[in-house]
Each structure stands twice: as C-alpha cells, then as structure tokens.
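Thank you for making time this morning. I would like to walk you through one model, so please have the sequence and the structure open as I speak.

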Amino acid sequence: MELKKRILVTGGAGFLGSHLCDRLLAQGHDVICVDNCFTGTKRNIYHLMDDPRFEFLRHDVTFPLYLEIDEIYNLACPASPVHYQHDPVQTTKTCVHGSINMLGLAKRTRARIMQASTSEVYGDPEQHPQREPYWGHVNPIGPRSCYDEGKRCAETLFMDYRRQHKVRIKIARIFNTYGPRMHPCDGRVVSNFIVQALKGESITVYGDGSQTRSFCYVDDMIEAFVRLMATGDDFTGPVNLGNPGEFTIMELAEKVVAMTGSRSKIEVRPLPFDDPRQRQPDIGLARSMLDWEPKVPLEQGLAATIAYFDDFLRQGDAVAAG
Ligand code: NAD
Ligand code: UDP
Ligand code: UDP
C-alpha cells in the first residue's frame with residue numbers, strides 16, 4: 001500500500017486541478033487545494049467539500065504560502081489564450097513569482113514538486129513532432145509571450161532550484177487537454193465548438209482550419225501526472241504529455257457537429273496572431289519513463305465532454321428560468 005501523503009494542488013479548482021484532487025483523494029491522500037478562483041470555480045470541487053481529507057484555501061500563489069506538505073503539483077495559471085491575455089502581467093507573475101514561492105515551499109519542506117509546463121514552450125515549432133530536446137521557436141514580445149515565456153522561465157527556475165538547492169522536481173510539458181469541467185467561456189477550441197454546437201450557434205473556425213492540434217483526454221493526463229510524480233529523483237523531465245493523434249481544426253469542427261447532431265454551420269474567422277500551425281507531441285520519453293500512453297480515443301473523450309456541457313447548459317437554463 002502506498003503511504004498516505006499531504007499533497008498540495010495549486011490551481012486545484014480548475015479543470016485539470018479538480019480532476020487531480022479527485023484522483024489523489026481516491027488514492028487515500030490528504031489534499032490541500034489552493035486556488036484564487038480566477039478561472040477555476042468552487043463548483044468544480046463542491047463534491048469534495050464534505051470530505052475531511054480535503055481542504056480548500058483561496059490564495060494567490062504570487063504571495064508566499066507556508067504549509068507542511070509532502071508533495072506539490074503546481075498547476076496554478078490561467079491556461080487559455082483568452083484568460084492568460086486578460087491580465088498578461090499577472091500571468092507572468094503567476095508563472096514566475098508563483099513558481100518561486102512553490103519552489104521555496106518545496107525547498108523548506110523537502111517536498112517533491114511537479115510543474116505544469118506546456119507545449120507552448122515550443123512556440124510555433126519548426127520541428128515536428130516536438131521532442132523534449134527542441135528549444136522552441138517563441139516570440140518574446142507578442143500577445144502569447146506572457147504565457148509562453150512565463151512557463152519557460154518557470155522551467156528555468158525549476159531546473160535551477162534542483163541544481164542549486166537539490167529540490168526534487170518534475171516538469172510536465174502538457175499538450176492540449178480537454179474534458180468535463182473545462183471552462184465554457186475560456187475560448188479553447190474543444191469547449192467553444194461543443195458549446196456552439198449545443199446552442200445551435202455558428203462553429204467559429206479560425207483561419208482555414210488546416211492548422212493541427214493533438215487532443216488528450218483529461219483522465220489520461222491525470223494518470224500521467226501521478227506516474228511522473230512517482231518516478232525516482234533522478235528523473236526530472238521535461239517530459240511531453242499528450243495524445244499524439246493529430247487532427248486539423250476543421251476535422252474537429254466536423255466531428256463535433258456530427259456527434260451533437262447539431263444544425264450549426266461552420267463560420268470562418270481570422271486566424272489569431274502567432275497561432276501555431278502544427279502541434280503534435282512525441283511521447284517516446286513518457287512511454288519509456290512512465291510506461292504510459294493515452295488510452296481514450298477522441299470520439300470517446302468528446303462524447304463524455306459533450307455530455308458534461310449538455311448537462312451544464314441545461315442547469316444554466318434551469319437557473320435562468322428561476
Ligand atoms: P484552468 O484555468 O482550468 O486552471 C488553472 C487554475 O489556476 C484555475 O483554477 C485558476 O483559478 C488558478 N489560478 C490562476 N492564477 C492563480 C494564482 N495566481 N494563484 C492561485 N490560483 C491561480 O486551466 P487548466 O487547463 O486546468 O490548466 C492547469 C495547468 O495546466 C495550467 O498551469 C496550464 O498552464 C497547464 N496546461 C494546461 C493545458 C490544457 O490543455 N488544459 C495545456 C498545457 C498546460
Ligand atoms: N516561501 C514560501 N513558503 C515557504 C518557503 C518559502 O512561500 O514555506 C517563499 C518565500 O516567500 C520566498 C520564496 O518562497 O520568497 C523562495 O524561497 P527561497 O527559500 O528559495 O528564497 P529566500 O527566502 O532565500 O529568498
Ligand atoms: N480555434 C478555432 N476556433 C475557436 C477556438 C480556437 O479555430 O473557437 C483554433 C485556434 O486558432 C487554434 C486551435 O483552435 O489554432 C487551438 O486553440 P486553443 O485556444 O484551444 O489552444 P492553443 O492555441 O493554445 O493550442
């Protein structure tokens with residue numbers, strides 16, 4: 001039996017964080033969820049509030065935090081372009097000051113700490129698929145830079161805290177992940193298309209829809225987090241986590257329309273500035289180090305996500321109807 005631990009999940013009221021809290025509690029651990037509720041919501045963790053092993057702290061990780069814990073998953077950070085560009089200075093502060101505080105906490109308590117990094121550290125990649133040794137192609141002064149460069153600096157801090165202070169670190173480079181509890185208005189493509197299809201609104205495809213992304217279902221991603229944290233201290237990453245199945249955005253739009261039976265039409269909109277053309281993880285390292293690969297096919301994950309948003313929108317209608 002695994003030893004019971006006290007585990008801190010920052011960003012724990014968000015999409016990935018709330019699923020991670022579920023998983024860690026199910027494994028028998030004590031979980032402290034820290035979140036400032038910028039993009040996350042207590043709705044995502046209501047079902048955990050009565051669990052005596054679960055604790056929620058409303059706190060901004062850019063400020064110091066003193067707790068006694070065994071492990072930290074540092075997920076706090078707005079993740080979608082709409083949200084991270086809303087207050088770009090706060091985004092960089094969350095990545096940089098947030099990481100310094102969580103690394104300081106890990107150093108003092110000798111906790112293991114995992115950073116939720118991102119495929120955005122590769123920018124608009126010139127190598128395809130992306131492997132971990134690739135240094136990336138990132139614009140340092142564009143609208144996406146607060147996030148991309150913030151996350152790159154966080155990786156630097158993690159590596160330096162290891163070299164300088166022997167902190168036990170793990171870096172996960174997460175590729176596009178989707179599933180229930182995504183924010184319905186955060187502008188990410190899967191949530192946008194599903195909500196639009198369910199409401200019968202136009203499906204907004206940016207550009208000609210030929211750009212590609214690789215979509216990983218949330219359950220597969222959480223499994224990878226837990227496996228990464230359990231690796232020996234010699235393995236720090238960075239390690240790519242994602243589903244290598246690559247789809248064009250137009251294919252995704254067509255799939256969502258077909259699966260929802262929606263009468264929505266596809267509407268072409270301008271491509272955002274700096275939008276990466278192609279993205280696909282090479283997960284060879286994760287396969288060998290974590291003995292992991294995604295199991296949930298896109299159709300199955302989309303079906304679960306559509307069911308979630310259908311329920312979510314019906315509840316919203318019920319509230320609006322009084
Ligand atoms: P999310 O927006 O649902 O979750 C992020 C959470 O962090 C939210 O609950 C938010 O309120 C909280 N937060 C933001 N700033 C904070 C601060 N200063 N202090 C405390 N809490 C703060 O997004 P998500 O998709 O669950 O992403 C979680 C992590 O994974 C993020 O770090 C994100 O960069 C990373 N990531 C996600 C994806 C993806 O496809 N979902 C891809 C790459 C990386
Ligand atoms: N810190 C924290 N919780 C702790 C320990 C440290 O939030 O339990 C913060 C602290 O505010 C500091 C940062 O983490 O600014 C970095 O800590 P470190 O020990 O590396 O730096 P120092 O305190 O020496 O500046
Ligand atoms: N996208 C789109 N319509 C939308 C939202 C996004 O065509 O309503 C496109 C976007 O331009 C990008 C891809 O879908 O090419 C993925 O966008 P998302 O914001 O989900 O993630 P990221 O760009 O960070 O990978």
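By class, the shell around ligand 3 holds 6 nonpolar, 6 polar and 3 charged residues, where Ala, Val, Leu, Ile, Met, Phe, Trp, Tyr, Cys and Pro count as nonpolar, Asp, Glu, Lys and Arg as charged, and the others, Gly among them, as polar. This is a predicted model, in which local features need pLDDT of at least 70 and side-chain atom pairs count only at pLDDT 80 or more, whereas totals for chains, interfaces and linings use all residues. Residues are numbered from 1 along each chain as its sequence is written, and chains are lettered from A and ligands numbered from 1 in the order in which they are written.

Of the 15 residues around ligand 3, those that come nearest are Arg-188, Val-189, Asn-192, Thr-204 and Tyr-206, a residue being near if its C-beta atom, placed from the backbone, lies within 6 Å. Two or more residues of this shell come from each of α5 (189-199) and β8 (203-206), with helices (H or I, at least four residues) and strands (E, at least two) taken as DSSP runs numbered from the N terminus. β8 gives the largest share, 3 residues.

After α1 comes Gly-28, with a positive phi near 95 degrees.

Finally, an unreviewed UniProt entry places "domain: NAD(P)-binding" at residues 8-303, an annotation that may be inferred rather than shown by experiment. That span is 36% helix and 18% strand.
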